[in-house]
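User: I'd like a close look at one part of this model. Could you walk me through it in plain terms?

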Amino acid sequence: MFEARLLQGSLLKKVMDALKDLLNEAAWDCTDAGIQLQAMDNSHVSLVSLNLRAEGFDKYRCDRNLSMGMNLGSMSKILKCASDKDIITIKAQDNADTVTFVFESPEQDKVSDYEMKLMNLDQEHLGIPETDYACTIKLPSSEFARICRDLSQFGESMVISCTKEGVKFSATGDIGTGNIKLAQSAKVDKEEEAVVIEMQEPVSLTFACRYLNSFTKATSLSKSVQLSMSPEVPLVVEYKIEDIGHVRYYLAPKIEDEEAA
Amino acid sequence: MKRLRSKVKSFKIETVEIENPEVLRNHFHTLLEGEIGNLREKLLNWYDANKRDLQWRNLAKHVDQNIRGYSVLVSEIMLQQTQVATVKSYYSKWIEKWPDFTALSKATLEEVNTVWSGLGYYSRGRRLYEAACKVVHEMDGTMPQTAEQLQKQLPGVGPYTAAAIGSIAFNERVGLVDGNVMRVISRLCSIGADTSKKSVVDVIWKLSNEMVDPDRPGDFNQAMMELGATVCTPKSPLCQVCPISLLCRANKRAKQPEAFAACHMDIEDVPDCLLCLPIDQPWVVKDGVTNYPRKAKKTAAKIARNIVLIIERTANESDSNEYLLWQRPVNGLLANLWEFPSFPSHHQWSDDLDKSRELTSAMDQLKGLLTGRDIERCQYMADVFHQFSHISQTYGLYRVAVSACENAEDDAVSLPDHYQGFRWLNARQIAEAAISTAMKKVFRSFTQNADGSSSSSLKRKAKSKETGTVSKKQMTLQSYFKSSQTE
């Protein structure tokens, strides 16, 4: 028996928005520690890793480890049927081939349940090494979304460079060049509005805007976002989900094509 | 045996002779009468509800016995050592081309190798062809119909394939054991002894013969294999959806150690028993069901490095370039397949020094190879890696340009012993020739690298001029993170 109840059902809807742009389907791995999901997009350029801890739910029970393959399009349709204030419960039998979503209104006067077929997914799982990143940049998530949106008008790819002075996002294309520089912010009265940079060595990497824009679909999950970079490794974009976990995106960089040189 | 209980109610015997492993074996490692009936029913119900829809399963129901036998034979031979997903497309291509023994017997070995190309273990294709010839020419077109005769008379048919054809195509009551069934039975009957030993394999065959359903032997056998392939998997078995988990000794031991102890007299493995887990490698709690089966450690795959010479001759002005290939010997690894001339390299690369030494030895090999042509250029291009099941093979690619040949009579290649011949083929012909996956990889890498230095780099330059940016290549995550599943 698996059962997870979340008073703040809107959270799950937001999580869904953060996934469905990149993934068509994914396996939700449930253990007694919580729910985890790891999947790459079709092109294998980016990877989403979601972690929801058991303590974060209002009620959580998982008797046996369970991997539920879900079509995220279908799941998203179902979650659209829940209103933002609903309490959402996810349920599945140990050996079931379906999962049930139950939506209760806060006054308990309306209860709906939706059963969805599970799929058999044979997904590749990647081992992600623990990495000490050369730079970590924390910035307001809305600011990051804005930067990605603005710069993707200029070109397909964006260069993120991090130095002592600050972080620079730039893109070049047919119409010209755009640069956005953010300095470490001095004001500390509101933590989530601050730009905080920790740097061991300067890093400059190029990424495809398309994926960064997809990542920013998670903006509503968190007030701030953290970017971690090291030379020649994938970028990590992490949104913390208050009290319950995080969603992390990994994105492979674009590198100089040696053959062309 | 430390905590042997003297009285066990569920069994007739009151005491157990420690010295006599046979007695213990019977009750630890077999199913009881009632349990076997239960197993058949549960497994067949599960199979009926969950079986995958595969082309050969439909053909195995064909009215004509010979078509049934042929379809199962082809599918079983293709499935040896090869995953279902890979086999599917090859199977339909094959059946479309050669729907029965007669059609196959009229093919040539070259055609067979071409269709088989990419599936690996090439001797399987040859044996299948030989079997068809034998059935058509020596048995009047009718294949043997019992497992025993099949194994005796058809080339390439071992005990497993014989039992599969007998039970699936001819409804003969025989059990069978493949890697999947081996795992299912070893867990079902808590057999922890080394499953690479013949004595243990024999016991598993015996158990399989006892378990097989008398009325639907073919379905039962396929159900066991399917269970092993989809549910009772090597690394993370899905016990929660397994139809026979209640009968499974390993599952009981993992989930309810007390109950296991009660019906198996003791939770410890028995030192004298030939089938329990070895005492020096005891049950590991965190591994659960996957404690079974145990296999002796595999010897590590051999690491090998070969020099591959891609020898290019410019054909007449308009034609595309042609490359030299030779045909491997009749026997051995990749028998009869065509490949670019290749030699074992005596160098393992660690630095540039070795690279130049390998180039020297590549040149040495070349000198003896071609008569009547001069070598204009020999240049290192790339490394290509291919994993054979028992060899980790790296190929060092060398691109060789040779002069035109002035006298047609002098145009010869000195072949190593047993090699069967050589041909000059262009890229299109190479794509269609009977060559191995490894060599296809080699040629693909060659074309990519060759292109990079000519046409496509020009295109790229033109493009970057337009946009005013330096072109960059999008990497994928696999270049950074390793897959954690080895399967």
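What do the buried residues of α11(B) pack against?

Analyst: Some ground rules come with it. This is a predicted model, where local features need pLDDT of at least 70, side-chain atom pairs count only at pLDDT 80 or more, and totals for chains, interfaces and linings use all residues. Residues are numbered from 1 along each chain as its sequence is written, while chains are lettered from A and ligands numbered from 1 in the order in which they are written.

Now to your helix. The buried residues of α11(B) pack against α12 (198-211), α13 and α14 (249-255) of chain B. Helices here are DSSP runs (H or I, at least four residues), numbered from the N terminus, and two residues are in contact if their C-beta atoms, placed from the backbone, lie within 7 Å. Helix α11 of chain B covers residues 179-188, and eight of its ten residues are buried, so the rest of the structure largely encloses it. "Buried" means that 20 or more other C-beta atoms lie within 10 Å of the residue's own, again with C-beta atoms placed from the backbone. The buried ones are B:V181, B:M182, B:R183, B:V184, B:I185, B:S186, B:R187 and B:L188. After α11(B) comes B:S190, with a positive phi near 40°.

One partner, α13 (217-230), also takes contacts from α10(B): the buried residues of α10(B) pack against α4, α9 (147-153) and α13 of chain B. Ten of the twelve residues of α10(B) are buried, so to speak mostly covered. From first C-alpha to last, α10(B) reaches 15 Å, close to the 16 Å expected at 1.5 Å a residue (the expected span is 1.5 Å times one less than the number of residues). Just past its end, B:N171 has a positive phi of about 55°.

As for α4, the axes of α4 (residues 65-79) and α10 (residues 159-170) of chain B come within 9 Å and cross at roughly 140°. That makes α4(B) oblique to α10(B). Axes are lines fitted to C-alpha atoms over the stretch in contact, and angles run from 0 to 180 degrees between N-to-C directions; under 35 degrees counts as roughly parallel, over 145 as roughly antiparallel, 65 to 115 as roughly perpendicular, and the rest as oblique. On the α4(B) side, B:R68, B:G69, B:V72, B:L73, B:E76 and B:I77 do the meeting, and on the α10(B) side the residues are B:T161, B:A164, B:I165, B:I168, B:A169 and B:F170.

Definitions and conventions:
Helices (H or I, at least four residues) and strands (E, at least two) are DSSP runs, numbered from the N terminus.
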